[in-house]
Amino acid sequence: MSKVQYLTQEGYDKLDAELKDLKTRGRREIAEDIAEARAKGDLSENAEYDAAKEAQGHLEDRITKLEDALANARVLDTKDLDLSKVRVLTTVTILNKNTDKEMKYTLVSANEADFAAGKISIDSPIGKALMGREIGETVEVEVPAGKLELVVKNIEI
């Protein structure tokens, strides 16, 4: 059984649109590539055919992962969130005591993570460390760059 994925409606819709696109356009393009490679003759020495079949495998794997994620998704409404603790879909302002800089992140599922947009996964080291924390709490996090000491400054939607 797969893990429940908490998503925003926007995140759910994005995954659903990607799935529909892969099942229609993606499969059609792969089928065309395979047919084109087959038409070129001997399949045992046809690198284009092998590449198209490998691409088909990757496409089907992605489709399976998206279907699984959507089947186990729970769409959360941010109006219903309890802001007493850091939870999935909350936006948390933290102070990095090592650099004395404040950062703001929204905690999301791995499928919605986008560091450039300030969305970090609840499965990331920082996300895991922040989950369940309250304003004023300090947490130490081991990241590839070393150990961070973070203070939760604010929790909001």
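**Note on the predicted model**

1. **A charged network.** Salt bridges link Asp 21, Arg 25 and Glu 29 into a network. The model is a predicted one. Across the whole structure, the search returns 11 salt bridges. Three further pairs are taken up in the next points.

2. **Glu 18 to Arg 62.** These two side chains form a salt bridge, at 3.0 Å from N to O. Glu 18 belongs to helix H1, residues 9-38, and Arg 62 to helix H2, residues 47-71. The partners are 44 residues apart, and the pair links distant parts of the chain.

3. **Glu 60 to Arg 27.** Here the N to O distance of the salt bridge is 2.9 Å. Glu 60 sits in helix H2 and Arg 27 in helix H1, 33 residues apart. This pair too links distant parts of the chain. Glu 60 has a relative accessible area of 27% and is therefore partly exposed. Arg 27, at 33% relative accessibility, falls in the partly exposed class.

4. **Glu 137 to Arg 133.** A salt bridge joins this pair as well, with the closest N and O atoms 3.3 Å apart. Glu 137 is partly exposed at 27% relative accessible area. Arg 133 is partly exposed, with a value of 27%.

5. **Overall fold.** The chain holds 3 helices and 7 strands. Read from the N terminus, the order of elements is β-α-α-β-β-β-β-α-β-β. How does the radius of gyration compare with the globule rule? The radius is 21 Å, whereas the rule gives 15 Å for 157 residues. The value is well over the rule, so the chain is more spread out than a compact globule. The C-alpha trace spans about 70 × 35 × 25 Å along its principal axes.

6. Of the chain's 157 residues, 34% count as buried. The accessible surface amounts to about 9500 Å². Carbon and sulfur atoms account for 50% of that surface. How many of the contacts between residues at least 6 apart in sequence join residues at least 24 apart? The share is 50%.

7. **The aromatic pair.** The whole-structure search finds 1 aromatic pair. Tyr 105 and Phe 115 have ring centres 5.9 Å apart. Their planes meet at 35°, so the pair is classed as tilted. Tyr 105 is in strand S4, residues 101-108, while Phe 115 is in the loop between S4 and S5. The pair thus ties together parts 10 residues apart in sequence.

8. **Ser 121.** This residue lies in strand S5, residues 119-121. Is Ser 121 buried or exposed? Ser 121 is buried, because its relative accessible area is 11% and the cut-off for burial is under 20%. The Ser 121 side chain reaches the backbone nitrogen of Asp 123 at 2.9 Å. Leaving aside residues up to four places away in sequence, Ser 121 touches Val 108, Ser 109, Ala 110, Ala 113 and Gly 127.

9. **Leu 89, positive phi.** Most residues other than glycine have a negative phi. Leu 89 is not a glycine, yet its phi is positive, near 75°. Where is Leu 89 found? Leu 89 is in the loop between strand S2 (73-75) and strand S3 (91-96). Leu 89 is buried, with a relative accessible area of 4%.

10. **Asp 100, positive phi.** Asp 100 likewise is not a glycine and has a positive phi, of about 60°. Asp 100 is placed in the loop between S3 and S4. With a relative accessible area of 60%, Asp 100 is exposed. Side by side, then: Leu 89 is buried, and Asp 100 is exposed.

Notes. Residues numbered from 1 in each chain as written. Predicted model: local features only at pLDDT ≥ 70, side-chain atom pairs only at ≥ 80, totals over all residues. Heavy atoms only, no water. Helix = DSSP H or I, 4+ residues; strand = E, 2+ residues; numbered from the N terminus. Buried < 20%, exposed > 50% of the residue type's maximum accessible area, 1.4 Å probe, protein only. Polar contact = N/O pair within 3.5 Å; in protein donor to acceptor, adjacent residues only side chain to side chain. Contact = heavy atoms within 4.5 Å. Phe/Tyr/Trp six-rings, centres within 6.5 Å; stacked < 30°, edge-to-face > 60°. Salt bridge = Lys/Arg side-chain N within 4 Å of Asp/Glu carboxyl O. Rg over C-alpha atoms; globule rule 2.2 N^0.38 Å. Areas by Shrake-Rupley, 256 points an atom, 1.4 Å probe, with all protein chains shown as cover.
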